[in-house]
Every structure is written in structure tokens, then in C-alpha cells.
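Subject: Structure handover

Hello,

Here is the structure I promised you. Please open it beside this email and follow along. My notes come after it.

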Amino acid sequence: MATVTFNYNDFIAAYPQFNLVSQGALQMCFDQAGLICNNSDASIVQDVAVRKTLLWLLVAHIATLMGQTNKNVQNGTVGQAAVVGRASSASEGSVSISTDMHVNNNAAYFMQTQYGATYWQMILPYRSFRFRPRSVTII
């Protein structure tokens, strides 16, 4: 079994919208992603290619939440994440917008970005209950 290592160039090839974000910042996001999705031989996600996909989605999710996007890097607003969710109301005078996204409490963190929402959907098989009957010895 193996673990996934972060490769900046491969990540940028898959997610070019982060090409202005530093390698160090994305490495930190990858390290954090490993705390959410176990990146060891003991991971419930045994297929390393699938685990890589999940970890990279988390890197994009975390980077977006931290405001680490090309748009924010270019205009100097790093640290300001984009608004996520359905616009439930808006006003024009003194500009105001409200958003909502109806999700259960477990999914709320992930539903803040398109990457997190994709991750949440992709881990469904790993969130399902798995029954392993104990072995029975017949005498």
C-alpha cells in the first residue's frame, strides 16, 4: 500500500485555477487535507488513485476557504473567500446579499465550496454503515 504525496505541478495541471497560489500554501492545504482524509495504509480509501482525487478536492476546498485563489492573489485580497450557497435574498441600496444552503450539520463544512461538495458526494460509499459479521465456528 502507499500514501499520496503532494505534487504541485500535477495539482496545478488538474486545477489550473490555483496556478498563482504558492507551492507552500498548497502544501499546507494538502497537509490539512490529510487530517480530514486519512492518507495512510490504514485509510478506509484503499485505492490510492481515489484517495489522491479526494485529497486534491480537499486541497482545492481548503485553499478556497482560505482565500487562496488566483483571483484573490491577483487583486491582493488573499484571505477573502468567495460567497458560497444559493442567493436567498439581495438588496441594492447599501448592497446586501444573503445565501443559504440546506445541508445536514455533518456536511456543512464541505458545502461551502464546489470542491467540498464534490468531496462530500464522493465519500458517500465510505460514510455508509459497513457490517462485518464475526466468524462463526461450527462445532
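R127 lies over the face of W120, at 3.8 Å from the ring centre. A charge counts as over a ring if NZ of Lys or CZ of Arg is within 6 Å of the ring centre and within 35 degrees of the ring normal.

A word on the source: this is a predicted model, in which local features need pLDDT of at least 70 and side-chain atom pairs count only at pLDDT 80 or more, while totals for chains, interfaces and linings use all residues. Residues are numbered from 1 along each chain as its sequence is written, and side-chain values use heavy atoms, with hydrogens and water left out.

**Aromatic rings**

W120 also has a ring partner, F110. Their ring centres are 5.4 Å apart and their planes are at 25°, so the pair is stacked. Rings of Phe, Tyr and Trp (its six-membered ring) pair if their centres lie within 6.5 Å; planes under 30 degrees apart are stacked, over 60 edge-to-face, and the rest tilted. W120 sits in helix 5 (114–122), and F110 in the loop between strand 2 (96–100) and helix 5. The two are 10 residues apart. Helices (H or I, at least four residues) and strands (E, at least two) are DSSP runs, numbered from the N terminus.

Are these two residues buried or exposed? F110 is buried, at 10% relative accessible area. W120 counts as buried too, at 12%. Buried means under 20% relative accessible area, exposed over 50%, and partly exposed in between (1.4 Å probe, protein chains only).

The whole structure holds 10 aromatic pairs. F6 and F30 form one: their ring centres are 5.4 Å apart and their planes at 35°, so this pair is tilted. F6 lies in the segment before helix 1 (8–14), F30 in helix 2 (residues 23–36), and 24 residues separate them. F6 is buried at 13% relative accessibility, and F30 at 8%. Both also belong to one aromatic cluster, together with F11, Y15, F18, W56 and Y115.

**The nonpolar core**

Which residues touch the most other members of the largest nonpolar core? They are F6, F11, Y15, F18, L26, V59 and Y119, in a core of 31 residues. Such a core is a set of buried Ala, Val, Leu, Ile, Met, Phe, Trp, Tyr and Cys residues joined through side-chain atoms within 4.5 Å. Helix 1, helix 2, helix 3 and helix 5 each give two or more residues to this core. The largest share, 9 residues, comes from helix 3.

Take F11 as an example. Leaving out residues up to four places away in sequence, F11 touches F6, F18, L26, W56, V59 and A60. Contact means heavy atoms within 4.5 Å.

**Helix 3**

Helix 3 covers residues 48–65. At 1.5 Å a residue, its 18 residues should span 26 Å, and the end C-alpha atoms are 25 Å apart, which agrees. The expected span is 1.5 Å times one less than the number of residues.

At the start of helix 3, a side-chain oxygen of D47 comes within 2.9 Å of the backbone nitrogen of A49. Just after the helix, G67 has a positive phi of about 80°.

What do the buried residues of helix 3 pack against? Their partners are helix 1, helix 2, helix 5 and helix 6 (124–127). Among these buried residues are R51, L54, W56 and H61. H61 has a relative accessible area of 0%. Its contacts, not counting residues up to four places away in sequence, are Y109, F110, Q112, T113, Y115 and G116.

**Links along the chain**

V45 lies in the loop between helix 2 and helix 3. V45 is buried, at 3% relative accessible area. V45 and I123 are 78 residues apart in sequence, yet 8.9 Å apart in space, C-alpha to C-alpha. M28, in helix 2, is partly exposed at 36%. M28 and V59 are 31 residues apart in sequence and 8.7 Å apart in space, again C-alpha to C-alpha.

**The whole protein**

The protein has 6 helices and 2 strands. From the N terminus, they run α-α-α-α-β-β-α-α. Of its 139 residues, 31% count as buried. Among contacts between residues at least 6 apart in sequence, 59% join residues at least 24 apart.

Best wishes

Definitions and conventions
Polar contact = N/O pair within 3.5 Å; in protein donor to acceptor, adjacent residues only side chain to side chain.
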